[in-house]
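Subject: Structure handover and notes

Hello,

Here is the structure for you to look through. My notes on it follow below.

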Amino acid sequence: RHQVKNKDSGPPGSGSSGPGPKVCIVGGGPAGFYTAQHLLKARDDMVVDVYERLPVPFGLVRFGVAPDHPEVKNVINTFTQTAQHERCYFYGNVNVGTDVSVEELRKAYHAVVLSYGAEANRSMRVSGEGLAGVFSARDFVGWYNGLPSNKEPHLNCETVVILGQGNVALDVARILLSPLDLLKKTDITQHALDTLAASRVRRVLIVGRRGPLQIACTIKEVREMINLPDTAADMLPADFESISEALKDLPRPRKRLTELMMKTVKTESGQHKANKSWGFRFLRSPLEVLPGPDGKRVAGIRLAVNKLEGSGEDAKAVPTGQTEDLECGMVISSIGYKSLPIDPCVPFDPRSAIVPNNMGRVKDTAGLYCSGWVKRGPTGVIATTMNDSFDTARMLLKDMDSGMLNLSVNKPGGQEITALLKERGVRAVSFPEWEKINLEEVRRGTAVGKPREKFLDVKDMLAVAWS
Amino acid sequence: MSLSAAARRLTLAGWSLPRRSCSTVSKTFSRTLPSLTRLPELNRDRCQRREITSSSVVQPLRSENKVTVNFVNRDGEKVTVKASPGESLLDVVVDQDLDFDGFGACEGTLACSTCHVIFEEEIYKQLGPISDEEMDMLDLAYGLTDTSRLGCQICLTKSLDGVTVRLPESVADIRQSDGSA
């Protein structure tokens with residue numbers, strides 16, 4: 001049942017011109033939608049416009065969450081309800097920063113919330129990083145999730161080394177080693193399936209700077225690795241030797257995770273080999289990616305051997321001076337996403353790669369707020385971002401109530417921006433137009449036993465949206 | 001995880017929950033596993049297995065079958081509702097449209113910890129066993145206590161009539177910084 005009949009009968013932007021507050025949100029992922037949800041609920045005269053660079057919404061829920069974790073994507077239902085709200089307007093295919101400036105948005109709205117996330121990745125900053133066969137996890141995940149881009153891994157080597165031991169690293173390892181007949185029923189892209197079908201990868205090592213007690217991934221993802229069919233866990237017992245004494249003092253989550261890893265070490269020793277294997281390697285940092293004889297492709301990685309100073313979550317990795325080389329045909333660095341500056345008028349801290357803010361209020365810039373990863377850095381799950389977005393929304397509402405945001409002035413909102421975009425030859429994709437893309441993706445997927453077959457090119461998305 | 005594990009989770013934990021104003025399009029989103037179209041009935045099966053002794057138990061409209069549940073929300077206010085045996089606590093929150101911001105983000109599929117609720121110790125001891133999968137997600141919940149459970153995994157029975165559950169102060173997962181957990 002659509003609540004939104006009146007709203008969608010006109011073109012995008014023909015929305016409310018009433019006197020209530022108008023807020024603009026930049027970025028149509030979880031942060032953007034959760035911020036919008038909270039704002040819309042709080043005031044029944046509030047209008048919220050969500051701008052998104054791609055024609056399709058939902059950000060990392062669509063492009064980051066692994067295809068074999070469909071239940072995590074259930075939040076899309078909540079976001080869809082928000083987008084279909086009669087006082088919410090979605091403008092896809094609009095690039096804030098190039099199609100329209102943040103300054104223009106600030107003029108047209110009472111407040112602007114930056115929720116555009118972290119689209120880049122931290123670099124390992126070692127030589128050889130540019131060799132063929134070296135990928136960021138961000139690009140690898142984007143590849144199997146259909147993020148429009150040009151990266152094409154080949155998977156014609158036996159060993160893959162992943163740097164980083166967070167949940168993204170484990171997602172990558174799991175997708176590399178999962179049986180095809182499981183993956184082919186998910187929304188993984190067809191070309192990723194084709195490449196994985198031809199994959200020679202049999203062994204994945206997941207490498208971290210510190211020790212087992214500092215590992216950043218969580219227990220659910222480790223369990224999934226252990227349960228992979230025809231795949232053995234290849235851990236080094238020596239990595240766990242000094243760990244058992246520390247166990248009893250650990251908080252329950254860390255204790256259960258550590259116990260699970262230790263149980264894996266015991267179980268696997270002496271078992272006959274499976275076809276594939278995965279394992280953690282600890283106390284290693286990348287020093288150099290080593291090329292093969294042709295000088296163009298990766299053939300191995302040189303790692304610094306570390307020791308730990310201190311203990312617990314704050315332990316530091318300190319190089320010992322020793323090094324170790326691992327042979328591999330592919331290196332995937334999963335050491336963190338990174339936000340980029342959007343517009344010269346928006347303050348940006350290049351060291352921490354976030355927009356400087358005080359609990360969501362952008363520093364020194366009235367009427368500008370931020371939520372999600374661009375506000376606090378690229379860690380945490382959807383629920384973390386939800387809480388964070390609610391905090392920013394609450395701050396914004398407080399500023400409206402106190403008069404810090406001047407609501408006595410009417411603002412034109414989406415009407416003005418749509419007119420500007422039209423002058424510039426930019427056409428937005430409305431939410432019902434996204435729903436056309438969505439239905440077509442689902443239709444194509446159903447034909448091959450998948451939840452959806454994603455469009456990989458923006459121009460294909462637009463062709464359907466505007467058909 | 002493997003797809004069969006995912007399917008098991010979905011059947012155990014309540015996949016397609018009724019949403020007040022769900023359009024047909026958003027229902028399409030939730031059909032991520034097209035072969036499992038019978039899930040809504042399977043969800044109720046899990047909770048009702050223990051209670052089915054006669055057919056009258058599966059007709060929730062008769063008032064003598066109702067169970068009173070008290071929720072203490074994050075502001076400390078008590079909300080009292082009547083629900084049916086067989087419903088999970090998440091079902092109750094959704095069906096009764098209780099205004100708990102962000103509760104049940106993953107819709108009962110053991111993929112988050114936002115339906116975390118806290119029981120009184122005596123009641124906690126009487127609850128059914130906790131699976132590894134529930135504990136894995138509960139381990140990440142904010143404000144975890146020794147009497148915490150995930151609301152999507154707790155099914156109401158007559159013996160829980162009058163129960164009071166408390167919502168923790170924040171919904172954030174502790175997976176929010178490098179290496180925490």
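What percentage of the 181 residues of chain B count as buried? The share is 57%, where buried means under 20% relative accessible area, exposed means over 50%, and partly exposed lies in between (1.4 Å probe, protein chains only).

Before the rest, some conventions. This is a predicted model, in which local features need pLDDT of at least 70, side-chain atom pairs count only at pLDDT 80 or more, and totals for chains, interfaces and linings use all residues. Residues are numbered from 1 along each chain as its sequence is written, chains are lettered from A and ligands numbered from 1 in the order in which they are written, and side-chain values use heavy atoms, with hydrogens and water left out.

Chain B

Chain B has 6 helices and 5 strands. Helices (H or I, at least four residues) and strands (E, at least two) are DSSP runs, numbered from the N terminus. Along the sequence of chain B, they come in the pattern α-α-α-β-β-α-β-α-α-β-β. Among the contacts in chain B with a separation of 6 or more, 69% are between residues 24 or more positions apart; a contact means heavy atoms within 4.5 Å. The accessible surface of chain B is about 7,900 Å², and carbon and sulfur atoms make up 48% of it. Such areas come from the Shrake-Rupley method with a 1.4 Å probe, and for residues only the protein chains shown count as cover.

Strands in chain A

Strand β10 (276-281) of chain A has 6 of its 6 residues buried, so it is largely enclosed by the rest of the structure. A:K276, A:W278 and A:F280 point one way from β10(A), while A:S277, A:G279 and A:R281 point the other way. Strand β8 (residues 203-207) of chain A runs parallel to β10(A) and is joined to it by 5 bridges; two strands pair if DSSP finds at least two bridges between them. A:R203 has A:S277 as its bridge partner in β10(A). Strand β9 (residues 231-233) of chain A is also parallel to β10(A), with 3 bridges, and A:A233 is partnered there by A:W278.

Another part of chain A is an open sheet of 3 strands in the order β11-β12-β13, with antiparallel pairing. β11 and β13 (316-327) of chain A are at the edges with a single partner strand each, so one side of each has no neighbour in the sheet. From one strand to the next, the twist averages 20 degrees. (Axes are lines fitted to C-alpha atoms, for helices over the stretch in contact, and angles run from 0 to 180 degrees between N-to-C directions.) Strand β12 (residues 298-309) of chain A pairs with β13(A) over 9 bridges, and A:G300 stands opposite A:E327.

Two loop residues

Most residues other than glycine have a negative phi. A:L155 has a positive phi of about 60 degrees. A:L155 lies in the loop between α5 (137-145) and β7 (159-163) of chain A and, at 2% relative accessibility, is buried. A:L283 has a positive phi near 55 degrees. A:L283 sits in the loop between β10 and β11 (284-291) of chain A and is partly exposed at 23% relative accessibility.

Regards
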